[in-house]
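Here are my notes on the model, as numbered points.

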Amino acid sequence: MRIFWRLAWFIKDEWKAYVLGILALLGVALMGLIPPVMIGRFANLLATHQLNWQNIWPIIGFIAFATIGQYFLRFGWSYFIWGTAARLEKTLRERLFRHYLAMDAPFFQKHRTGDLLAHATNDISQMQRVAGNAVLQMFDAVITGLSVIIAMVWFVNGEMTFWAVLPLFGITLVATVLGRHIHSAFMKAQEAFSTLNNKTQESIMGIKALKTLGQAREDIQDFSHQVDDTIAANRRAQFFDSLFDPSITILIGVSYVVTIILGGTNVMTGKMNIGQLITFVTYLSQLIWPFMGLGFMFNNFQRGNASYDRIESLMAEQSAIKDDTAGVNQVPVGDLDIAITQFQYPEADEVVLHDIDVHLPAGQVLGIVGAVGAGKTTLLRLLLREFDNYTGYINVGGIDIRHYRLNKYLPAIGYVPQDNFLFSTTVRENIRFSDPTLMDEQVERAARWAGLHDDILQLPAGYDTQVGEQGISLSGGQRQRLAIARALIINPEILILDDALSAVDAKTEKTILETLHTQRAGKTTLIATHRLSSVVNAYETIVLAEGAITERGTHPALLAANGWYATMYAAQQIEAKLDEEVAHHG
Ligand SMILES: Nc1ncnc2c1ncn2[C@@H]1O[C@H](COP(=O)(O)OP(=O)(O)OP(=O)(O)O)[C@@H](O)[C@H]1O
């Protein structure tokens, strides 16, 4: 019942729909009392040989009235109660979705995507069941249950009602206890199934690695264990589920046996007529659902509470990234100044960036290079305001990026991550994802700048080709260039390329970088890369190692310094030459 208090905010808004729904339910219950009495009367007329057209018409009339009345009233409660439940689901879903959108990177690091999806689907559907099924079950039990019992006492007799109804409480007990077991067993079966699915997906995605590493046999064994687990979990669920119907049938049987013994005796001794007995039996059948529903209701309330707990605890989490509502409400333009004294990921012990200082005049290119894990991506993530908990500052145009309004700051940044993402739609919609109202010419221009236009024309339907999960797959290089086009189309003040051209061949990369240079005059670009040829024209390149700057300068200066950069560059040049020769002679 506690769940009702917790949903009070919703019930308060929707009380009218609930009242109408419950009134309709009351109407259905009252109408439902009529047919058994009429059938009893019919049986009496039959037994006493008084049946004729004159006295049968009122009976048919009443039954027809009750049936048609129930038809409309049932529609009424369905409409009001289910409609309200659907609204609760919508409200909760929207709240949760909005909450997710407002959260920061640590939140998504803490909660796995699968868990977040589960909350959005299972828990919210459970709340819909509380607001729909459980409310219905509760009022059905109270209204239908009570009215039928009262009618039984009124039209037949109290003692017989007591003994016949007693076994029905067993139905509530079975529905509660067995229902709980069935539910948890089915949940486990579902979990096992989704683990199996994940396992299959992982294996398919990593099939090449699995084969080359000689892991295929272990993988098959692992898979077969998962299948066994899934089958065992399903059998358990099926076992409890199979117990349900027979248990209910036995209890109903007991109730009927009691009725026949007591009712038969009463009819024989003349305490009751045959019509009353038939009325009684018909009423009894109407009680099965409310008693079963009562059991389901307890479980739905209990699960609803657990779901609501989980939803609430997620909603209570606050983003560490705060939008400074009194902040600067303008697009960030101007020089970029980075002065980070220290940064570590939340809940991590190691310092990943320290003593980073950069001054980049507006419109210039900054190169960021260094070994794997040196901190390149981390630095870019700070610029993207994924984390705010660093000491020092990052300024754009002399203003700390934490003081810009988020809705001005973030849209001014074009970010192309290492692992780009294609939405399941056309190439065109993928490119203008940030703003679907952008013109086709703008899409095409962005694609040209990203060196993708000619590739797109080769696709079966050009710009209207479906890509992503449900479409054709693009090559790694094409995906990267599409991601660049998506960033370029908004003509960002700051463009961030995070190893975004790694799958593009050196020649195409050069063309793209040259185009960017001419087309993005006056706008700042940051390029993090493993391929040093990408940053030869940069205003400055910083070399990171273990989170700090170890070398810096222009390309010639870095070569002259003869450090990591110079060695790496020489090695990459030889490699590129070899590749070229192989391609030439090969
Ligand atoms: N979310 C995180 N929580 C804790 N530590 C992290 C997290 N992300 C990255 N790190 C650590 O921070 C360090 C820097 O990683 P980062 O991804 O910035 O390196 P990188 O230079 O971009 O590497 P790569 O060349 O592979 O892209 C690494 O030691 C990494 O393990």
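**Notes on the predicted model**

1. Val-372 sits in the loop that runs between β3 (365-370) and α11. The structure is a predicted model. Val-372 has 6 other C-beta atoms within 10 Å, and a residue with 12 or fewer counts as exposed, so Val-372 is exposed. Its C-alpha atom is separated by 26 Å from that of Glu-514, which is 142 residues apart from Val-372 along the chain.

2. The ligand has 13 residues around it, and those that come nearest are Tyr-345, Ala-374, Lys-376, Thr-377 and Thr-378. Which helix gives the most to this shell? Helix α11 (residues 376-383) does, with 3 residues. Sorted by class, the shell holds 6 polar, 5 nonpolar and 2 charged residues.

3. Most residues other than glycine have a negative phi. His-49 has a positive phi, near 55°, and Asp-499 has a positive phi as well, near 50°. Neither is a glycine.

4. Where do these two residues lie, and are they buried or exposed? His-49 belongs to the loop between α3 (34-47) and α4. It counts as exposed because it has 7 C-beta neighbours inside 10 Å. Asp-499 belongs to the loop between β7 (494-498) and α17 (506-519). With 21 other C-beta atoms within 10 Å, Asp-499 is buried, the threshold for that class being 20 or more.

5. Now the helix packing, starting with α2 and α6. Helix α2 (residues 8-32) packs on helix α6 (residues 113-155) with the axes 9 Å apart and an angle of about 30°. Angles under 35 degrees count as roughly parallel, so α2 is roughly parallel to α6. The two helices make a right-handed crossing. On the α2 side the contact is made by Ile-22, Leu-25, Leu-26, Ala-29, Leu-30 and Gly-32, and on the α6 side by Phe-139, Asp-140, Ile-143, Thr-144 and Ser-147. By class, this contact of α2 with α6 has 7 nonpolar, 3 polar and 1 charged residues.

6. Helix α6 also packs against helix α4 (residues 53-102), at an angle of about 155° and with the axes 9 Å apart. The cut-off for roughly antiparallel is over 145 degrees, and α4 and α6 are therefore roughly antiparallel to each other. Their crossing is right-handed. Residues of α4 in the contact include Ile-81, Trp-82, Leu-88, Leu-92, Leu-96 and Tyr-100. Among those they meet in α6 are Leu-116, Ile-124, Met-127, Val-135 and Leu-136. The contact of α4 with α6 has 15 nonpolar, 4 polar and 2 charged residues.

7. How do α9 and α10 run relative to each other, parallel or antiparallel? The axes of helix α9 (residues 216-268) and α10 cross at roughly 160° and come within 11 Å. Therefore α9 and α10 are roughly antiparallel to each other. The crossing in which α9 passes α10 is right-handed. From α9 the contact has Ile-248, Ile-252, Ser-255, Thr-259, Gly-263 and Val-267, which meet Ile-274, Leu-277, Phe-280, Val-281, Leu-284, Ile-288 and Met-292 of α10. These residues divide into 10 nonpolar and 3 polar, with no charged residue.

8. Helix α9 also holds Ser-224. Ser-224 is exposed, because 10 other C-beta atoms lie within 10 Å. The C-alpha atoms of Ser-224 and Leu-196 are 9.5 Å apart in space, for residues 28 apart in sequence.

9. A last point concerns Asn-305, which is in helix α10 (residues 274-315). What is Asn-305 in contact with, leaving aside its neighbours within four places in sequence? The partners are Arg-2 and Ile-3. Asn-305 and Ile-3 are 302 residues apart along the chain, and their C-alpha atoms are separated by 5.8 Å. Asn-305 counts as partly exposed because it has 16 C-beta neighbours inside 10 Å.

Key:
Residues numbered from 1 in each chain as written. Predicted model: local features only at pLDDT ≥ 70, side-chain atom pairs only at ≥ 80, totals over all residues. Near = placed C-beta within 6 Å. Helix = DSSP H or I, 4+ residues; strand = E, 2+ residues; numbered from the N terminus. Nonpolar A, V, L, I, M, F, W, Y, C, P; charged D, E, K, R; others polar. Axes fitted to C-alpha atoms, helices over the stretch in contact; angles between N-to-C directions. Parallel < 35°, antiparallel > 145°, perpendicular 65-115°, else oblique. Left-handed = near helix turned anticlockwise from the far one by under 90°. Contact = placed C-beta atoms within 7 Å.
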